[in-house]
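Trainee: I would like to learn how to read disulfides and backbone angles in a model. Where do we start?

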Amino acid sequence: QLQLVESGGGLVQPGGSLRLSCTASGGTLDSYTIRWFRQAPGKEREGISCIRRSGSVTGYIDSVKGRFTISRDNAKNTVYLQMNSLKPEDTAVYYCAAKSSDSCLGSFGSWGQGTQVTVSS
């Protein structure tokens, strides 16, 4: 059974950078479509970006375009979310999720526990 673990969150000043990792066990991530989500307090969860099983990357939500980049390292069985030029409104719990189909739409069956990102001076 696929298990996902996110890491790399923390406290960072506005304008700083973080790289989140989503590491898998019980399966290889290049057999899954992986999507990064985030949920801020009092807000609905939103999908940020997605890398399909085939390796193609879908678009990013407007609020992170040009600042966030999703990538996958098959050798490390890890998907990354590089976050640059962070803003206070990026503060949220960040989750990665996986599904076996080659589609970023619909529900995702496997979720990590989340990692907290706080952007504050």
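Trainee: Which residue does a disulfide join to C50?

Mentor: This is a predicted model. A disulfide is a pair of cysteine sulfur atoms within 2.5 Å. Here C50 is joined to C104, with 2.0 Å from S to S. C50 sits in strand β5, C104 in the loop between β8 and β9, and the two are 54 residues apart. Both cysteines, C50 and C104, are buried.

Trainee: How many disulfides does the structure hold?

Mentor: There are 2. In the other entry to look at, C22 and C96 have sulfur atoms 2.1 Å apart.

Trainee: Is the link of C22 and C96 right-handed or left-handed?

Mentor: Read the angle about the S-S bond. For C22 and C96 it is 75 degrees, and the link is right-handed. For C50 and C104 it is -85 degrees, and that link is left-handed.

Trainee: What pattern do the disulfides of the chain follow?

Mentor: Count the bonded cysteines along the chain: the pattern is 1-3, 2-4.

Trainee: Now the backbone. What phi does N77 have?

Mentor: The general idea is that most residues other than glycine have a negative phi. N77 is not a glycine, yet its phi is positive, about 55 degrees. N77 lies in the loop between β6 and β7, and is buried at 15% relative accessible area. S85 also has a positive phi, near 50 degrees. S85 is in the loop between β7 and β8 and is partly exposed, at 39% relative accessibility.

Terms used
Residues numbered from 1 in each chain as written. Predicted model: local features only at pLDDT ≥ 70, side-chain atom pairs only at ≥ 80, totals over all residues. Heavy atoms only, no water. Helix = DSSP H or I, 4+ residues; strand = E, 2+ residues; numbered from the N terminus. Buried < 20%, exposed > 50% of the residue type's maximum accessible area, 1.4 Å probe, protein only.
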